[in-house]
Structures are given as C-alpha cells and as structure tokens.
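Here's a quick tour of one model, with an eye on charged pairs, confidence and a few surface details. Have the coordinates open as you read.

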Amino acid sequence: MSKSGGDVHIALLGPLQVWIDGEQRPITGPIRRALLAVLAQHPGEVLSVDLLCELVWDGAPPATAESALRVHVSHLRKMLGRPDLLERIGTGYRLAITRDQVDIAGFDQHTRSGREALHSGDLQRAGHELGAAKGLWRGLPLADVRSGATAEIERILTQRSELNVDLAELQMRTQGANADTGDLSALTVERPFDERVWSLLITAQYWNGRQGDALQTYHRAVAALDEELGVQPTAALRRLQEQILRHDLALDPPAAANVDLPVFATSFVGRSAEIEALTALVGRHRIVTLTGLGGVGKTRLSVATAQAAAARFSHGVVFASFEALEDPALVPSAVAAALGTTAATVEEVADALDTREQLLVLDNCEDVAEAVADMVSRLLAACPRVRVLATSRVPLNVIGESVWVTPMLEVSGDGPGASEAVRLFLERARQAGPSTVLPDPDDPRLQEVAALLGGLPLAIELAAAQCGVLTVSDVIGQLQRNLGSAASERDRPSRHQSMEVALTGTLEHLRPAARELLSRMRIFRSPVGVEAIEAVCSGTAVPAGDVPRLLAELAHAAVVVADLSGERGRYSLLPPVRRSAPQVLSRMGHAPPELQTRHLEYLDHQVREAVTHVGGPGEASALAGLSELDADLRAGLAHAVQTDPQRGLSMAAGLSPFWMRRRMHTEGRRWLRQLLEAGDDADPAVRGAALHAAGGLAWDDGDRSAAEKLLHQAWQVRKSLGDKAGQALTLNNMAGVASDRGDHAGAYEMWSRAHGLFVESAHALGTAATELNRGIAAHKLARLDEASAHLESARTAYYDLGSTHMEAMALERLAGIEAERGQHRAAMILTRSAQAIYADVGSPEQQARLGWQRALRHRALGEETEARELVRTVAQAVVADELLDAWWVSGLIEISAALEAPERPAHAAGLLGVARRHRERSGHGADPTTVPDLPAVLTRLGEVLGPEHLTEEMAVRGVRSVAVVVAEIAGLSRQPDLPISARTAARPAPRPS
C-alpha cells in the first residue's frame, strides 16, 4: 500500500501499518504497537490515561503503568515523525486523525453499503462495495499486536465472516446454477447456527441439480440447531425444504441477464449525479421518462443509467428506438424486434415478456408518444416484473410515470475548469484536432464557450468539431456572431438557439457543396451507404464523384455520423441536426430540394434487385439489406400512396417475401390494401402481382378466406393477360390454401396445372417448387411411390439451381416417406443430410425441427439414449429461440411421452394430453412425420392405466402449460410426477397374455 501527499493512513486489517506523508513508518515494541492500535480504534477521541492503561495491558496494568505510558507516548511520537498527531488533552491522549484515515472505517462502510445494495437488488454496486471491503483485508487483524485489541479483533472477525456470506450470496445471484458451493460448505462449519448460510448452501446444491444433497444438508442444519441450541428451524427454512420436494418453479435459478444496449463511438462525459438519481428512480418507479430538448443527451444518459441498473434485472435490459418510426401501429413490432420475437401486437409482446424481470429502454418516443403510452400502460399491467425507462421530448402521461427533466451540462464547476461542459468540449476538440493546441481546463475562454452554448451537449460537440481547423478564440468569435443573428428570432426558445448557433457556426465553415449535400441527405431516415447517397443526392451542386470527400467533411464536422464498423460505411444525420438544419440552411440561402421522387425511385430499384435473389442463395443477404432500409421504405410507400400508387404497388409486391420472412404480415397487408385502393387504375400486371402478394400474406397469416378471395382475383387478372408464369405462381398459392383446408386431391391437381405452366414458361424455380409441393400432396394422399418421384425430382432441380435451403426441405420430406416404409436407416441418412444443410443455411426453427426428426429416427432404430438426449437438446432450443408456436412442438411432446411411457405411464399420459390440447388450440393437425407408433403407445398405456384412467390422466394433466412442459423436457425446470389417481394406483398389473 502506498500513500502520497501529506495524509495519514493507519491499517489494522492485518499487521499494523502506518503511512505518513507517503512513507511507511515502522512502529517497534509491543506496548507502543498496542498503544497506537487502541488510539486508532478511537480516532479523534480523548482517552483517559486510566482507560489507556487498562486497554493497552489487557485489563492487567502493572503498578508503573502510568509512568511507562508517558515514556511510550514519547517514543511513539518520534516514530510517527509527526508529534502533532499524538496530542495530550487534559488527563488523556488523542490521535488527531479522522475515521476515514483508518482502514477499519472503510471496511465497515463498504460492507454496510454492499449489504444494502445486495438487499435492494443492485448487484453491480454490491459487487463493487463488497469487493472493496474484501480488498482491504490483509490477514488476521492486528496480527502483530498481542494486546489492546481483543474485543475489536473479535468484532472485525465476525464482520469478515458475515462479509463472506454476503459474497457467497452475491456469487449465487450473479452466477445462478454455475455458482460454486465450496465456500458455502466451509461457512456452515464456521457459522453452524446461521440459517442464512444453510439456506444458501441448500439452494445452491438444488440449483446444481443435487436435490438429494440439498435435502441432506437441510437435515444437517436441523440437527445442528436442535442438538446445540435446542431450537427448531424457522418457517423460512422449512418452506425451502417444501419447495425442493415439490420442485417449485419459483426456486429455479435466475437466467443469465442479457444487456442489449447500443455502443457509441465516443465516451460518455460527466452526469454521474444524474445517473445515480435516475438509477434510484428506476428502482422506485415502474416507468421513468427522461424529457428534454433534442440534443440534451437523453439517449446517452438513458443508456448509461440502464447499464448502471442492469444488475437489478435478472433477465437484463433491452433497447428499442422509435427514432425512425413514423407509423404508431408499428410500435409493438419495434419492441418485439428488440426482444428477439416476431410479435405484432401489444398482447403478443406481453406474452413474450410474461414474468421476465426486465428493463425496457424506449428511446425517442415523442413522435409516437400516444402509441407508446398505450403500450406501456398495458405492458405494466400485464407484466408485473417489467420496468420502463423512456426518453421523449414530452411526457408519456402514463399512470405511475415519474418524469425527469434532463438538465443541461453544468457550465460553472466547483473549481476552475471543472465543469462538465468544459470537459466535454475539450474531449471532443482533442478528437477533432489531435494536433491542435488547446487551452488548459481553467482557461476562461472555455467557460465562455460553455456559457454561449448553454450547456447543450450536442451544441458543444458541434462547436468542438471545428477545433480541427479553428482555434478556440475563432470558435468563440463565430458563436458570438451567430448568436446575435439567431437571437433576433424571439419566438424560438433559447435552447433551440444554442443548438442552431452551434450548427450555424459549423455549416458556415463548410463548403457550399457540403452544405447542399447535408440538406439533401435529410431525405434518408435510415443510415445508408455512399452508393445510396450518390444515387439520390448527387446533381449539379453535388457531383457524384465528390460525395465521399464531402461525407468525410460532414462527418469531421460532427453533423453526420459515420458508422465504419461493417464492411461498408453507413452515414446518417443526428436527429437534432435533422430537426435544426432546415432553419439554419434557410438563413444561409439553402432550401432542401424536392428529392422524394428520386428517393422513391432508388427504393423501388433496391426492392427489384432484392426480388431477384428470393428463393436463391442470396436471399438472406438481400432481405437483410431491405431490413436496413425499414424507415425509408415506409416513408417511400407513404409517398407512393399519395403520388405514385403504381410504383408503390410494384414495391409492395416485391416486399411481400421480406414481410413474410420477418412475420410482418399486419404491416404488409395494410400497405397493400391502401395501395390497391389508391391504384385501382394501375397497370393490370402490377395489380395482379400486388393481389397475389396480398393473398400470399393473408394465407401465411392464417386468414384463409381473405387469401382465397385475393388469390382468385390475382389469378383472373393474370389469366386475362395471358401471363402463364404469373398464373402458375398464383395457382401454386391457391393449391397451398386448398391443402391447408384438407383438400389434398384438389391441391395436387392445381399444383400439377401450375407445374405445366412453369415448364412452358421455362421458370426453373417455379418448376422445382411445384414438384416439391406435388410430392408433399402425394405423400398426404398416401401415394408414396409417386411422392418419392416428385421429391427426388425437386431435390435434383434445387441442387442444380444452387438452392441448398430448398434441397434440404426435399430431403426432409423424403426421410418421412422412408420412415413410413420402415426404412429407418435410410430415413436417418436423409434426415442427417438435411440437418447438415440447415446447420449452414437454416433458421433456428429448421435446425431444431430436424433435431426432433432425428430423435424420431433414433427411437425407431431402438437407440433410445440418443433419442432422449436429442429430445432434451431440441426442447432447450425451443425455449431459447421461442419456438413454441412451431407446428411440430406437439410432436416433440409426443415423442417425449413415448420415451417415458414404459417407466412413467401416468406422466406419459399427461404429456399426450398436453400435446393433444396444443394441437387443438394451435390448429396444427397431425402430420405423417410425428410419432408413427403413437396408437400403439396409447394402447399400451390403456393396458397399464386402464382406458378410463388413461382418459382421466390425459384430461387432468393435459391442462398444463405447454411452455412449462417443454421447459421440463429441456431440463430447465423440474416438476414432480403427479400422483396417479387412487383408483388407478390400486389397479392390479395386467396379466401377461
């Protein structure tokens, strides 16, 4: 330990150490060490000579103690080198130091603060405080002091023991099932009568999957309390035993928290007091809204607060931004995307959150405030453990909302150059001009900059960006000049003026072409690449070849954000700059040009390009590119509804695969409906394609009646045009609707007609698709040879096209046919081949589905161990990737039932009841690839349980939640086997036939 300056530090948590003025002072002699230890335990207090003698000699002072004490005081003063530290006051002595100069005081403070944080759920702060307390410990307290500290040593050792318990609990709460039980086992020996220690060890063993050890530890705790103290365990400890016996889900370990927050290119400066205040508010209120002017730093502050509060939320933190959202109906979808689900309604978002203990950070709510307020109100009512931290220029006016107005950065610090505004300016100025000579922090010119900009963070950053080419004095001169012109607009708030003053100073320094490009770039809502900016924004005043150089100038001036983290750079305007730029540019003689038509043309081109890759190997990349243009596509479609419905219909038809893959049916159907109404006189070919897209979305959305109507209209339009390929595409979807209705023969006939049209049109992808679909229909009609022929043809065609994704689908179907024929080894080979393809290009659902099918194959081959392991793995994937709505989940529960049936018949019957009920409620009918011998399994269960009681068990146990059942199959939660009814249990075993 090293101390510097003129301070004093005395360390008692280990051998006695004294540091004075940065140097360690050796204290020799047992009496002098004991004397200093006693005085240090009472810093600043006057201790009488009698009391000192009593304490230094441990209650047995010699007759010469008083005179000896005076001698030792004199020697101790010399050893300290600071006679003024040991004062004679009346008839006693005082060590002239404060409590915080003794390590015991710091230890006490850190342990107390850490325990408070642990109890309040602030695990991050608890870890910091408890770790700091542990870090002060150097060994046995006062190890080289043989007297004068007996009582204090006992107190400190007790507190250290309690600290170890706190640290063990912290480890459990942060590591869950991965927590080590070794320290807790040792603590039960050290603290055998501490129920908290026993409870923690029992819980940790249970979380580790050691239920037997947990119950045995409970009985050890009871014995220790009874034999030594003659007391019974408290109700809390008895309740813990009961929870373990019934596998109470509430006792399961917390899931690992996921903190999904944006990462910024620049550091976060200051605001420590605000973060502390907001973290406390988030702990007290379920909805906290940061309000304030654009550019005041609401987003950065909310993210910093969420990071500080993250440890309190066992399911972590997610961030959803509405910055580019213009349609209030899309608010739930934006939150769902942040949560990693495809929910489209508030109810579905609430179902996804359910009982999660999670913090939602909702950013830039102002433009869709009403929709956000409605959603937040409903989520808080439905999800009791969810909290919301929102940013908005206006309050949401939600019941229970705590509104916190985000202040400007402090302009005047406690000392010279200490203000947050000055610190931010200097940091950003160094980034803008690394070689620029900047003034010292206490230079009054910096204070003047901060004052001129009113402490508005974004305005400060814009001004600092000019330091790459201007001196601080030049920046001040520009600000003063521009403030005079902006101040003439008396109807504008001063804070808006601060932003516009800073932006004016920045834009004045730019070349005219750069200002023009900035003006035109406001057309983009999403970050875009250079090619997009060149396509839409270039022209006479902005030559295309100059765009990269002009972008660099704008990025250096901090008015454009350059994201260079990916393979290609992406550029966007900061929202406050976007809002302020029109006023500033208009004063400088610039007005944004009419770019909406070029913008729409660019978006149309992007959609057309993406459509060419649908169904091929480049589909995922193409659709990801459209996803990045979400906000622009919405703006373009809205413009098309008003001005160019035909182009809008073409775009919407091309976007239908994008909407379908992202489960955005509601939005896609709404755009198509608006455009079809607006474009009733559009080109018939374009209308036909849009009707086809609308029908396909309705079909995939489960709206069969709307799908049939729209697809029939599309087919009529395309037939009237003689468009064979178009007719075939629509017939393909019409056949799919018929198949869903159960009309497999009619579906096969329509797919055959579509196949012929595709062949005539030389449409290779359509030809392959209809071969695949005819194979599926023939399979459902039990025409296995015919089905195999179609599927083999489709497999070959997809291989030739390079569409490995669809080749895997054909392989998957062929495997099902081989399984029905009893060729289980051949079925296994085909299933594994498909799974190998999906491992490279498949979705999580497809990969999990093939795992389930492999489990079916293993069971059919008698490889039950492998089947059980795969079922467990697939169930874990269903939970992790939220696949409960997949059609095959019932089949997963059924194979689990089949595997459990021989050993746990009642449990298996309950699983079959859950699967049957799930099929009925979800609308997913039986499928040939589900458990083939399910009737035989039911028959055997009926023989064991009896037909009546089989029905009873399936009904009673079948009401359980599918989510809970799948979690049990995954091994993520435990549930005891419910008792078979008394009559069932009393039945004799069936006689062997």
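## Charged pairs and their surroundings

Let's start with Arg669: its relative accessibility is 19%, so this residue counts as buried, the cut-off for that label being under 20%. Keep in mind that this is a predicted model.

Arg669 has a partner, Asp703, and the two form a salt bridge whose closest N and O atoms are 2.8 Å apart. The pair ties together distant parts of the chain: Arg669 belongs to helix α29, Asp703 lies in the loop between α30 (684–700) and α31 (704–720), and 34 residues separate them.

The side chains of Glu667 and Arg634 meet in a salt bridge, at 2.8 Å from N to O.

What about the pair formed by Arg191 and Asp194? Their side chains meet in a salt bridge at 2.9 Å, N to O. Arg191 is buried at 18% relative accessibility, and Asp194 is buried at 16%.

| Salt bridge | N to O distance |
|---|---|
| Arg191 and Asp194 | 2.9 Å |
| Glu667 and Arg634 | 2.8 Å |
| Asp703 and Arg669 | 2.8 Å |

As a general point, side chains of opposite charge can pair when their charged atoms come close. How many salt bridges does the model have by the rule used here? The count comes to 41. Some charged residues join up into a network: Arg115, Asp166, Glu169 and Arg196 are linked by salt bridges.

Now for a histidine. His790 is found in helix α35 (residues 784–801), and at 10% relative accessibility it counts as buried. Which side chain does the side chain of His790 meet in a polar contact? That would be Glu771, at 3.0 Å. Leaving aside residues up to four places away in sequence, His790 touches Tyr748, Glu771, Arg774 and Gly775.

On the surface, Phe193, Leu229 and Val231 form a nonpolar patch, with about 250 Å² of accessible area together. Val231 sits in the loop between α9 (211–229) and α10 (235–245). With 36% relative accessibility, Val231 counts as partly exposed.

Finally, how much confidence comes with all this? The protein chain has a mean pLDDT of 82, and 86% of its residues reach 70 or more. Confidence in the chain is highest in helix α33 (residues 744–760), at a mean of 94, and lowest in helix α45 (residues 982–986), at 30. Over residues 1–6 the pLDDT is below 50, and this stretch has 12 contacts in the model beyond near neighbours in sequence. Residues 974–993 also stay under 50, and for them the model has 33 contacts beyond four places in sequence.

Note on methods:
Residues are numbered from 1 along each chain as its sequence is written. This is a predicted model: local features need pLDDT of at least 70, side-chain atom pairs count only at pLDDT 80 or more; totals for chains, interfaces and linings use all residues. Side-chain values use heavy atoms; hydrogens and water are left out. A salt bridge is a side-chain nitrogen of Lys or Arg within 4 Å of a carboxyl oxygen of Asp or Glu. Buried means under 20% relative accessible area, exposed over 50%, partly exposed in between (1.4 Å probe, protein chains only). Helices (H or I, at least four residues) and strands (E, at least two) are DSSP runs, numbered from the N terminus. pLDDT is the predictor's confidence in each residue, from 0 to 100. Contact means heavy atoms within 4.5 Å. Patches are made of residues with over 30% relative accessible area and no salt bridge: like charges are joined within 9 Å, nonpolar side chains (Val, Leu, Ile, Met, Phe, Trp, Tyr) within 5 Å. Accessible areas come from the Shrake-Rupley method with a 1.4 Å probe; for residues, only the protein chains shown count as cover. A polar contact is a pair of N or O atoms within 3.5 Å; within protein, one must be able to donate a hydrogen and the other to accept it, and residues adjacent in sequence count only if both atoms are side-chain atoms.
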